[in-house]
Amino acid sequence: MTTFIELLLGGLSIGSVYALIALGFVVIFKATEVVNFAHASLLLAGGYVTAVLHDDIGFWPALLVGIAGAASVGAAIEFFVMRRYRGSDHSVLAIVTIGVDILLITELTRRMGTDVLALGDPWGNEVVQIGGITLAQTRIAAFLAAGLLITVFLLAFRYTSWGVSMRAAAENPQTAALMGIKLGRVSLAAWAVAGALAAVAALFLTVFPTPGLERATSLAALKAFPAAILGGLDSTTGALAGGLIVGVTESLATGYQSDLSFLGRGIGDLAPYLVMVAVLLIRPAGLFGTKELARV
Amino acid sequence: MSDTTAEAAPLVTTAPAPGGAESFTDRLRRPRTYAVLIASVLLLALPFYLDRFWLQAGLFAMAAAIGAIGLNMLTGATGQLSMGHAFFLAVGAYSYCILAGESSTENGHALTGLGLPTWLAAILAVLLAGAAGGVFSPIAGRLRGAYLGIATLALIFIGQHILFNAGSLTGGYNGRAVPPLSLFGFTFDDTEVVVAAVPFGSSEKLWYVGLVALLLAALFARGVLRGRPGRAMNAIRDHRIAAGVMGVPVARYRAGVFVLSSMYAGLAGVLLALVFQRTVPEYFGMILSLEYLAMIVIGGLGSVAGAVVGAFFVSLLPQVLTHYSDSLPLVSAPGTGGLAPGEASRYLYGAAVVAVVLFLPGGLARLGIALPRVTRPKKSGEK
């Protein structure tokens, strides 16, 4: 039973990190209807900046620079690439983000080589014992930080004028533009926010018990895709639910791997995708996504 | 970007003989006929002059072209984004190995093989890849856009999982050897046959198999794209609901195109396996899928020529850079600290994807087509 609770809590914690990534992904989709396949490389960029700088300027400043760096990479992608596209086909833009992703990932993995970079976080590998349940401090920090950021984000989304213009643009771009909302600024902000969230997620994807920032980190970041999809691409609630589902599934499948040995080794990495396929079979728009009304 | 329909129209209207198809003499007058003739003679003669390195590179490009044609029908012509193309390539390659190979023990692994005739195995492998696409059709028929793109991403991970774990079929991490193809008693392996004083090894022999396969694949795809199904596919891409209202069975078409493109991927997989002579699971990962998407965007979405041009660009680029890494300024041999050829080519085609979409909508293939058409007199019915 304690194993189960430990796995569940661990899964919720990593799930909240996935939710953070998925949230940025959903924000970009809502604001611009573009699926950002370069999201994993945004995350890697933020993590890389933090990892390089933390020795010289300390962890917290490095983290801030990393967040700012990823946000500006996101904004730069929007400004220099997305904005220049004059067609209307959003799936072509999705492929453009794949091109951007190839560029960024190649550059970052070339710089990293085969190294595993530490991000210099203050938690190390310390654990907390609560009533027989062992939890790593990093997991608790991840859960709290992700929860805090998501709350702040959702509140801002609801109550600030920035959030209102964002939602208006998502609802109906033409009307929003007529009401004086600058669509360019909205999508620029969306990309920057997504980059910043991804940089925070990069920190928590690379802390204990994972070894550090490496090439494979981008694979871990990819799990935010099924999270966003199974929640529903245009729903922030969906991103949260999807992230948690993916995290818990992965954690349980990895934890009970020995009981699932007939499925082969490494089933934990596969489980999120299987859950996604199962959900999509029943609900093609995801759990909280807007259902399509057109039926012909 | 619906250039397939636009392309079909002038072909009919420019036929000079009134009311009939182009006559033989009209064909002889067109420069295009000669270009095609010269190109085919060149392609047929190449194995006599090129060394093994370039022949293999060319064969990879041909296999890639077949796969890219399939993906272009799905993503380019029908607008269905698929990240799972590498999975179907793997299905084709591994099915061929399993069907054609004998049961054996390799590196302590017991490998299962059915030992079928290799030509039959190749055909069955293509069909199996199609069947795998069919199994996925409940999803492929219903989802679109990003949902389908990410759902097909699952295929990559499922595929990798199976390839690494089903050791008795796939050989696990080490992969398995590919039995050479044999047709009518002629085996496409490394036993040397001397043709016109040139020793023919497997690459030389397979070159012709690749040419025939690519030609058939391209002609079939062109037929599909220019005919009724092609127009229905473009209609689905441009306006799904309008297509449905006009009587196109949207879900069935989507599923059907998905199956067809998987079969193309399966054929490409078989050819790749024959060239590689060994299939390894790592090759069929996500990067391969991204490369195929890059191919069709760079070449031009929705057309056969675009897929072929893009496939040659993306798959020959690393080979060219590797071969000339000594004489290129920024590129250096792998492991010497500079920019490795693989990385350099990834930079180039990543940038090419972005640049083509922004500055050259229609892709590289449009560069060649656009020029001669300007000189042609405008006919009625052409905008």
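This is a predicted model: local features need pLDDT of at least 70, side-chain atom pairs count only at pLDDT 80 or more; totals for chains, interfaces and linings use all residues.
Q: Start with chain A. How many helices and strands does it have?
A: Chain A has twelve helices and two strands.

Q: In what order do the elements of chain A run from the N terminus on?
A: The order is α-α-α-α-β-β-α-α-α-α-α-α-α-α.

Q: What does the C-alpha trace span along its principal axes?
A: For chain A the spans are about 60 × 55 × 35 Å.

Q: How much of chain A counts as buried?
A: Of its 296 residues, 51% count as buried.

Q: And the contacts in chain A, how many join residues at least 24 apart?
A: Taking contacts between residues at least 6 apart in sequence, 75% join residues at least 24 apart.

Q: Now helix packing. At what angle do α10 and α11 of chain A cross?
A: The axes of α10 (residues 224-231) and α11 (residues 236-255) of chain A cross at roughly 125° and come within 7 Å. The two helices are therefore oblique to each other.

Q: Left-handed or right-handed?
A: α10(A) passes α11(A) in a right-handed crossing.

Q: Which residues make that contact?
A: From α10(A) they are A:P226, A:A227, A:A228, A:L230 and A:G231. α11(A) contributes A:G238, A:A239, A:A241, A:G242, A:G243, A:I245 and A:V246. By class, the contact of α10(A) with α11(A) has eight nonpolar, four polar and no charged residues.

Q: Over to chain B. How are α4 and α13 placed?
A: The axes of α4 (residues 52-77) and α13 (residues 250-276) of chain B come within 7 Å and cross at roughly 170°. That makes α4(B) roughly antiparallel to α13(B). The contact of α4(B) with α13(B) divides into 20 nonpolar, four polar and no charged residues.

Q: What about the two chains together, how many residues are in contact?
A: 35 residues of chain B are in contact with 34 residues of chain A.

Q: Which elements of chain B give two or more residues to that side?
A: They are α7 (137-140), α8 (145-165), α12 (240-245), α14 (286-299) and α16 (341-359) of chain B.

Q: Which one gives the most?
A: α8(B) does, with twelve residues on the side of chain B that touches chain A.

Q: And by class?
A: The side of chain B that touches chain A has 25 nonpolar, seven polar and three charged residues.

Notes:
Residues are numbered from 1 along each chain as its sequence is written. Chains are lettered from A and ligands numbered from 1 in the order in which they are written. Two residues are in contact if their C-beta atoms, placed from the backbone, lie within 7 Å. Helices (H or I, at least four residues) and strands (E, at least two) are DSSP runs, numbered from the N terminus. Ala, Val, Leu, Ile, Met, Phe, Trp, Tyr, Cys and Pro count as nonpolar, Asp, Glu, Lys and Arg as charged, and the others, Gly among them, as polar. Axes are lines fitted to C-alpha atoms, for helices over the stretch in contact, and angles run from 0 to 180 degrees between N-to-C directions. Angles under 35 degrees count as roughly parallel, over 145 as roughly antiparallel, 65 to 115 as roughly perpendicular and the rest as oblique. A crossing is left-handed if the near helix is turned anticlockwise from the far one by less than a right angle, and right-handed if clockwise. A residue is buried if 20 or more other C-beta atoms lie within 10 Å of its own, exposed if 12 or fewer, and partly exposed in between; C-beta atoms are placed from the backbone.
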